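Here are my notes from a first pass through this one.

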Amino acid sequence: MEKRLTGYLCVSLLALLALVVLVACGGADDGDAGGDSGEPELASELHLYNWSEYIDPEVLTMFEDEFGVHVIEDTFANNEELLAKLQAGASGYDVIVPSDYMVTTMITSGLLAELNHDNLPNLVNLDPLFADPPYDPGMVYCVPYLWGTTGIGYNADALDQVPDSWAYLFDPELAAPYAGQITMLNDEREAFAAALKYLGYSVNSTVEEELMQARDLLIQQKAWIYAYDAEQYEDLLSADETLLAHGWSGDVFMVAEEDERIWYVIPQEGAVIWADNLCIPRSAPSQYTAEVFINFLLRPDVAAMNSNFTWYASPNAEATELIDAEILAEPAIYPPPEVMEQLEWLEDVGEAAPLYSRFWTEVRAAGP
Ligand code: N2P
């Protein structure tokens, strides 16, 4: 009898202990989701790894004032540089901004954390057209930030015609007169996309022969190139160092706002359309702080500030009415349907990726 009672007591005690442990662990597990234990804690710092001039500095100040989180921003020139940094190990970044095709690469490589949508109530502000991207269905890993096109920035005062064809960058007759005054984006996929489009191929070609032709074209073009640059090329245009620049829509419009000689055109053969995304590396120091920041960027007023500052189109539908009319009305920023049809998204080229890298290295290493 006594033995049975002791046994009963023991079992009860064990059950109680198990319950205590369960509750404690449950509470801790819920941490990031804001469970019973209250709101999870924000880190004191957030490390953002971004494209250059790609966020309104005022937005960072607002975030710091509102949340008490100090934002430290580093910039990269292209997606491959961003990928290399992450592949090298824990980068210390909380939020990164890869483009569409690079999101695919990063998901496949297991580099991204899954987002907790509970911490992203402002996702409802996104235009449904952007809320289910093919490179990340259901926005499991990333949230679209800004989108744009890749075309040609130019000095309209110095050119007789609008350079509305890739031929202005690749055809000897059209490009040679501007020798030494042309920049190309320091960007593997973008440089190949321009050459492939000029040749009449897909920007996602995986055909070795086509890629070789594109490589040779880029090598031939080097005779007229001032620099490969993806961070200051728009300033070089405005400073009269260059006249033609392979570039991203908003970057060029940003200087065009202050220098009326500068303009941007989407070549008639078609061009790249892209979307950059806010994602969290698996190695992020604070996923929760990153999500609070991403949710802040999804606020209509904040999204509009970033569009107005960068001159890039916003996927945030609720922000539209706060975006400057000049930006909304610009067909090279929000292209009409017939231009949209001419645009092609960059996609992860899978097994052909090393071929692109090898050919790109050859282009960069070639003379002059
Ligand atoms: C901003 C660069 C635009 C990003 N300076 C192109 N994906």
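Predicted model: local features only at pLDDT ≥ 70, side-chain atom pairs only at ≥ 80, totals over all residues.

1. Is Thr105 buried or exposed? Thr105 counts as buried because its relative accessible area is 18%, and the cut-off for buried is under 20%. Leaving aside residues up to four places away in sequence, Thr105 touches Leu83 and Asp348.

2. Now the ligand. The residues surrounding the ligand are Trp51, Ser52, Tyr54, Ser99, Trp248, Asp251, Trp274, Asp276 and Tyr312. As for where the ligand sits, the space it takes is the largest cavity.

3. A polar backbone atom of Ser52 is 2.7 Å from a nitrogen atom of the ligand. With Asp251, a polar side-chain atom lies 2.9 Å from a ligand nitrogen, and for Asp276 a polar side-chain atom is likewise 2.9 Å from a nitrogen atom of the ligand. How much of the ligand does the protein bury? On its own the ligand exposes 270 Å², and the protein buries 99% of that.

4. Two backbone angles to look at. In general, most residues other than glycine have a negative phi. Asp240 is not a glycine, yet has a positive phi of about 65°. Asp240 is in the loop between α9 (233-238) and β7 (244-248). Asp240 counts as partly exposed because its relative accessibility is 46%, and that class runs between 20% and 50%.

5. The other angle belongs to Trp311, also not a glycine, with a positive phi of about 65°. Which loop holds Trp311? Trp311 is placed in the loop between α12 (300-310) and α13 (325-328). With a relative accessible area of 5%, Trp311 is buried, whereas Asp240 is partly exposed.

6. Finally, the chain as a whole. The protein chain has 15 helices and ten strands. Its residues number 368, and 52% of them count as buried. Among contacts in the chain with a separation of 6 or more, 74% are between residues 24 or more positions apart. The accessible surface of the protein chain comes to about 16,500 Å², and carbon and sulfur atoms account for 54% of that surface.

Definitions and conventions: Residues numbered from 1 in each chain as written. Heavy atoms only, no water. Buried < 20%, exposed > 50% of the residue type's maximum accessible area, 1.4 Å probe, protein only. Contact = heavy atoms within 4.5 Å. Near = heavy atom within 4 Å. Polar contact = N/O pair within 3.5 Å; in protein donor to acceptor, adjacent residues only side chain to side chain. Areas by Shrake-Rupley, 256 points an atom, 1.4 Å probe, with all protein chains shown as cover. 1 Å grid on protein atoms, 1.4 Å probe; cavity = no way out; pocket = protein on both sides within 12 Å on 5 of 7 lines; lining within 4 Å. Sits in = over half its atoms within 2 Å of the grid points. Helix = DSSP H or I, 4+ residues; strand = E, 2+ residues; numbered from the N terminus.
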